[in-house]
Amino acid sequence: MKGPIFNGAIILVGVFVFLKFLLPLFTAPLPASLIYLYVALALSGIMIFGTMSASSLEAFMGPIYRFLSGKGQSGVGQMARLAVLVLFPLLVGWQTYTKLAPSDLPPAENRTIHPAPPGEFVGLSNPYPKVPENIMMGKGLYAAYCSPCHGANFDGKGPAAPGFNPPPANFSDPGTIAQLQESYLFWRIKKGGVGLPVEGMPWKSAMPRWEEELSDEFIWKIIMGEYDGAHQSPRTWEEEE
Amino acid sequence: MKSQGQWLCKGFSDSSRWIPSFMKWSAFLALLLFPVMAWAGGATQAMSVEYRDIPGIGSRNIVWVVAQQHLLLAGFVLGVPIFAWVCELVGWKTKEARYDKLAKEFTKLLTSAYATTALFGGILLFLLIGLYPKLMAYLTDMFFPSFLVYCLLFLAETATLYMYWYGWDYMQGNKKAFHLFLGFLLNLFAIGIMIVPNSWATFQASPVVVADGTAWERAWAAMQNPTWWPVNIHRLIANVVLGGFIVGAYAGVRYLLAVSREEREHYDWMGYVGNFIGVFGMLPLPFAGYWLMREIYQYNQQMGITLMGGFLAWLFILQAMLIGVLFLGANYYFWMGITHRIPGSEGQYRKPVMAMLIVLLLCLGVWMTPHSLVASLEEARKMGGTHHPLLGVFGVMSAKMTVSNLMILVTFMSFIMYWRAGKVETAGWAKAAKAIMGALLVLAGIAVVVLGVWGYFVPAIIRINYFSVAQVLIVLFIMITFTPLTALLMKSAKTTTEMVWGKMPIRAGYSLVLNAVMVILLMSLMGYARSSSRVHWHIYGVMRDTSEYAYSPALGYAAAFMSLNTFVFCLLVAFIFWVATLGDKAKAKANEGKPLDIAGHAAPAMAGGSPAAGEKLE
């Protein structure tokens, strides 16, 4: 049972098993959309390599053509061919049915994480100097107002975090506040989940509208404390001196 | 709003069973009259009309399709002369007549393509004036002096094109230099024709409005808006890519239809040249795209986030898929070229090809991984959100820049491998040169990855201003040093196996067509992204869109229009090619009855014709 088809099948199964069962042993499970994406890439690689030359094409596709055409087959071979020709359309039909059948499960999400901020918040800069006193004050305010959800270590693992879906943002992740300008955080803290724009609805954010309780000064200092505590820097267009 | 676009999906299919044909024609004519009636209704109050609409179709949809067709045709008309001129120049320098023939073959296409482009430009202009009078009045007021420059450029371009095409056979021999100069002028005017309207489009995205000064001063200030030059450079390179891959697709189709060995060899070679130019343009394209996005982000954070992190961010995942297919398709064609055109080389290159393919696929996997994943509620719960704790790091620019640089590096090495295939270096310093090149390549790959990983731990501005630029410079350094070094090595190399043209399999022709379709889809996709980043503004922050279409369509709806635009453009290009090659067919008919150069070539490759009796075509 050796040959490019067998090797290709082994690679595909290997990629699937690794992504579906082995990787989750070390980290969170991958969603089906990503597993299909990677398996499709592996399949395209196998097809490209298998059809590159005349000999590889023959080795790769030859057995498939011969099997499907039924030439020179008898007994078990004929039965296997018949089984494939019957089962394959049934498999496609079943797959189609399961995709289209009404379900009580919510649809897959493609949530927009960073919606565009309203114009009035664009271009704002932190009016308070980045001095130790302000940073310390920001961290203190953060501890009081933000850490229950976003965590004392700025990692999104506060004591209240397990109660939220989606979970509070992890500021120490380089993919969150490090990608954003301070004005963006100012908008998100000030207006909260209810202040999010309609783009990419439906929104799911339990972030309070902090403008009700905190002054602008406090919000700017919290931002300063967040960046410092998470060891990240805001996105800027000027280098710090 | 609900009915808008239904025509696209539903068509006339439901009614076709019961409406007699004359009634169908009547309905069709009535449909054509709708816009006329709608316009007539607004004629009495022309001065106060801000918008007009085409019922059932929608003014935005019709402008979307016509503008996209005009842009794609313009890309072709501007890209092909660059291609033709470079080929002519190479033919002149190397004294190889086939390059001159190739250049002439494509200039022939230009005349009909040029007229079609102008036709769509005219239709677009009429539609814009009719459907968006307020916007057009504003733009006219702002840019009128540049309209005059545009007209002059058009006149100069047309005259030069006529002289360039009709004078081809006359300006041979010692007049060739003048013909080349005309080709240079043609490209110069073509670039001018591109950059002037680019300023109008980029002004809408990043306006610079100056109230004082003369009309010329105001127009010049508006032209020099922040995204003008990034778009100019990006479009110029993209046009070369489009031109190259369309030439490749043309050659691919002609190769599939070829009936004689001579034709097969010629179109195989043309396909190679088209693919080469497409790839050559594609290598710097991501750098230009990165610069454009950087300028947009710097110009306005809101627009930058809408594109890269907001609701348009999914377009960049589609972009990654399309670019990935393009990279794979272009490399696949190179690799097939090695195994089919150089007999006996397959075993030698199997392992390097596999290594390159694996790197390309891994890079593509990273590029296509979104920052927030598409996940069911259950999956999101298990992951702790739509952001995967491990693979989520692939979703940011540091990872994307790294893998795009690596893919460019691999594709460049594919080309170098193709160049060196079937030859043995004889220079005494060849071994040392190859060792240095190998070491540099490994070091460059490591450096690109290290900078990419490091980019996660530095402020964004350091990553954008230094790390990303350093990655690009490293890749450019490899290209700039390897190309002349390989050329020197090949100068004294001994050919062990001659390259045989016309031996490529059928799927090579299809892969060339696929590459062209991918480029067209890509341009339609990114054109939509750039245009819709203005969201509900005609002119960002200056003039709001107050029409009934001041909303962004769903991504699926937009994708349907991108597909429609790609399909229509392919039809138009096929029509242009058909018209332009009618003369060849007449000549071929005149030669009918004359014996073919080799026996057994009556059937085209697509129909299973073979290069020679007994030779098998895959």
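## Close-up views of a predicted two-chain model

**Figure 1. Helix H6 of chain B, a helix with a bend.** Helix H6 covers residues 176–205 of chain B, 30 residues in total, and its first and last C-alpha atoms are 43 Å apart, close to the 44 Å expected at 1.5 Å a residue. Follow the helix to Ser199(B), where H6(B) bends by about 25°. Please keep in mind that everything shown in these views belongs to a predicted model.

**Figure 2. Helix H15 of chain B and the glycine that follows.** After the helix comes Gly422(B), with a positive phi near 75°.

**Figure 3. Chain B as the setting for these helices.** Stepping back for a moment, chain B contains 20 helices and 4 strands. It has 618 residues, of which 43% count as buried. Take the contacts in chain B between residues at least 6 apart in sequence: 80% of them join residues at least 24 apart.

**Figure 4. Nonpolar cores.** In soluble globular proteins, nonpolar side chains tend to be buried together. The largest nonpolar core here has 166 residues, and those with the most contacts inside it are Val77(B), Phe106(B), Val241(B), Ile246(B) and Val519(B). Which residues does Val77(B) touch, leaving aside its neighbours within four places in sequence? They are Leu110(B), Ala113(B), Tyr114(B) and Thr117(B).

**Figure 5. Where chain A meets chain B.** Here 50 residues of chain A are in contact with 54 residues of chain B. On the chain A side, the elements that give two or more residues are helix H2 (32–50) and helix H3 (54–69). H2(A) gives the most, with 10 residues. By type, the residues on this side of chain A divide into 27 nonpolar, 18 polar and 5 charged.

**Figure 6. The two domains of chain A.** The domain assignment gives chain A a domain 1 (4–100) and a domain 2 (119–229). Taken over C-alpha atoms, the centres of domain 1 and domain 2 of chain A are separated by 47 Å.

Key: Residues numbered from 1 in each chain as written. Chains lettered and ligands numbered in written order. Predicted model: local features only at pLDDT ≥ 70, side-chain atom pairs only at ≥ 80, totals over all residues. Domains from an automatic or database assignment. Buried ≥ 20, exposed ≤ 12 C-beta atoms within 10 Å, placed from the backbone. Contact = placed C-beta atoms within 7 Å. Nonpolar A, V, L, I, M, F, W, Y, C, P; charged D, E, K, R; others polar. Core = buried A, V, L, I, M, F, W, Y, C linked by C-beta atoms within 7 Å. Expected span 1.5 Å × (residues − 1). Bend = angle between axes of the 7 residues up to and from the residue.
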